[in-house]
Amino acid sequence: MSYRLKVLQKKPPPGWDIVEPGLEEFERKMKEAMEEPHEGKRKAECTWKVHKIHWERNRFIFQLYFKEKQISKAMYDYLCRQKIADGALIAKWRKPGYEYLCSLSAIDTRNTNYGTASICRVPLHLRGDRPTPSITTGCISCASTDKGAPIWWCTRINLAKRQRQEPEVEDQEEDPEFQKRLRALRGEDEQPQAPPVAPEEPATERDAPAEE
């Protein structure tokens with residue numbers, strides 16, 4: 001349902017003029033996405049753009065209320081009650097680890113075969129060289145550890161910069177003086193060793209005392 005019809009059902013509180021231009025632009029984008037031809041696309045890909053625009057519209061409202069403080073609580077509550085804003089998704093963004101969640105479907109374990117979250121919840125450095133987007137939302141990564149999240153199917157990413165590289169440690173030649181100082185710092189100084197004691201030779205008949 002268009003946001004205009006929802007506004008007609010109940011008059012919005014003061015501050016509607018701040019929100020309306022943005023909502024009108026997102027509605028235009030959503031209409032274009034719905035009318036796009038589906039030739040050459042897989043069935044799942046047809047809704048990817050819709051998910052992206054839905055995220056952007058709610059992020060717009062999130063920024064206005066929680067970050068920029070440009071709209072009142074009454075206006076925010078109105079948007080949620082009228083289903084203009086996705087209150088459940090925005091509430092998730094305020095929890096640690098879900099700051100850039102692409103969609104509630106990404107954490108709905110009922111949508112996967114193995115009862116796990118969507119692949120886009122796994123950080124890029126834990127995945128292969130060619131990470132694929134979620135088949136449901138088109139999101140490649142919405143993990144909080146990935147800069148620029150959510151990363152959509154249409155986003156160009158440089159995997160070389162995003163992969164976490166293990167620090168390279170050069171092999172040092174074993175310097176005897178260095179090793180000695182290192183053992184001293186660790187309190188592992190070598191104690192002076194006593195000279196080896198020669199083993200006693202077994203007594204022979206020649207060494208035995210003579211019988212009287």
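Start with the whole protein chain and show its surface. It exposes about 15900 Å². Carbon and sulfur atoms supply 51% of that area. Keep in mind that this is a predicted model.

**The whole chain**

Switch to a cartoon view. The protein chain holds seven helices and two strands. Trace the chain along its sequence and the pattern reads α-α-α-α-α-β-β-α-α. Now colour by burial. Of the 212 residues, 29% count as buried. Residues 24 or more positions apart account for 50% of them.

**Confidence**

Colour by pLDDT. The mean for the protein chain is 82, and 75% of its residues reach 70 or more. Then select residues 164–173. Here the pLDDT is below 50. Beyond near neighbours in sequence, this stretch has four contacts in the model.

**Helix α2**

Select residues 16–35, which form helix α2. Check its span from end to end. The end C-alpha atoms are 28 Å apart, which agrees with the 28 Å that its 20 residues should span at 1.5 Å a residue.

Show the side chains. Trp16, Val19, Gly22, Leu23, Phe26, Met30 and Ala33 are buried in α2. These residues cover an arc of only 140° around the axis, so they sit on the same side of α2.

Glu25, Arg28 and Glu32 are linked in a network of salt bridges.

**More salt bridges**

A search of the whole structure finds eight salt bridges. Two further ones are worth a stop.

Select Glu36 and Lys41. Their side chains meet in a salt bridge, 3.2 Å from N to O. Glu36 is partly exposed, at 26% relative accessibility. Lys41 is also partly exposed, at 35%.

Move to helix α4, residues 73–81. Pick Lys73 and Asp77. This salt bridge has an N to O distance of 2.8 Å. The two residues are four apart in the helix, so about one helical turn separates them. Lys73 counts as exposed, at 51% relative accessibility. Asp77 is partly exposed, with a relative accessible area of 24%.

**Helix α3**

Select residues 48–67. This is helix α3, with 20 residues. From its first C-alpha to its last, α3 reaches 27 Å, close to the 28 Å expected at 1.5 Å a residue.

Show what is buried in α3. The list is Trp48, Lys52, Ile53, Trp55, Asn58, Arg59, Ile61, Phe62, Leu64, Tyr65 and Phe66. Which elements do the buried residues of α3 pack against? Display α2, α4, α5 (87–93) and β2 (151–152) to see the partners.

Zoom in on Asn58, found in helix α3. Asn58 counts as buried, at 0% relative accessibility. Leave out residues up to four places away in sequence. Asn58 then touches Ala85, Asp86, Ile90 and Trp93.

Step past the end of the helix. α3 is followed by Lys69, whose phi is positive, near 55°.

**Last stop: Gly97**

Select Gly97. Where is Gly97 found? It is in the loop between α5 and β1 (139–141). Gly97 is partly exposed, with a relative accessible area of 30%. Show the residues around Gly97. Neighbours within four places in sequence aside, Gly97 is in contact with Arg121 and Ser144.

Gly97 and Thr145 are 48 residues apart in sequence. In space, their C-alpha atoms are 8.4 Å apart.

How values were computed:
Residues are numbered from 1 along each chain as its sequence is written. This is a predicted model: local features need pLDDT of at least 70, side-chain atom pairs count only at pLDDT 80 or more; totals for chains, interfaces and linings use all residues. Side-chain values use heavy atoms; hydrogens and water are left out. Buried means under 20% relative accessible area, exposed over 50%, partly exposed in between (1.4 Å probe, protein chains only). Contact means heavy atoms within 4.5 Å. Accessible areas come from the Shrake-Rupley method with a 1.4 Å probe; for residues, only the protein chains shown count as cover. A salt bridge is a side-chain nitrogen of Lys or Arg within 4 Å of a carboxyl oxygen of Asp or Glu. pLDDT is the predictor's confidence in each residue, from 0 to 100. The expected span of a helix is 1.5 Å times one less than its number of residues. The arc is that of the directions from the helix axis to the C-beta atoms.
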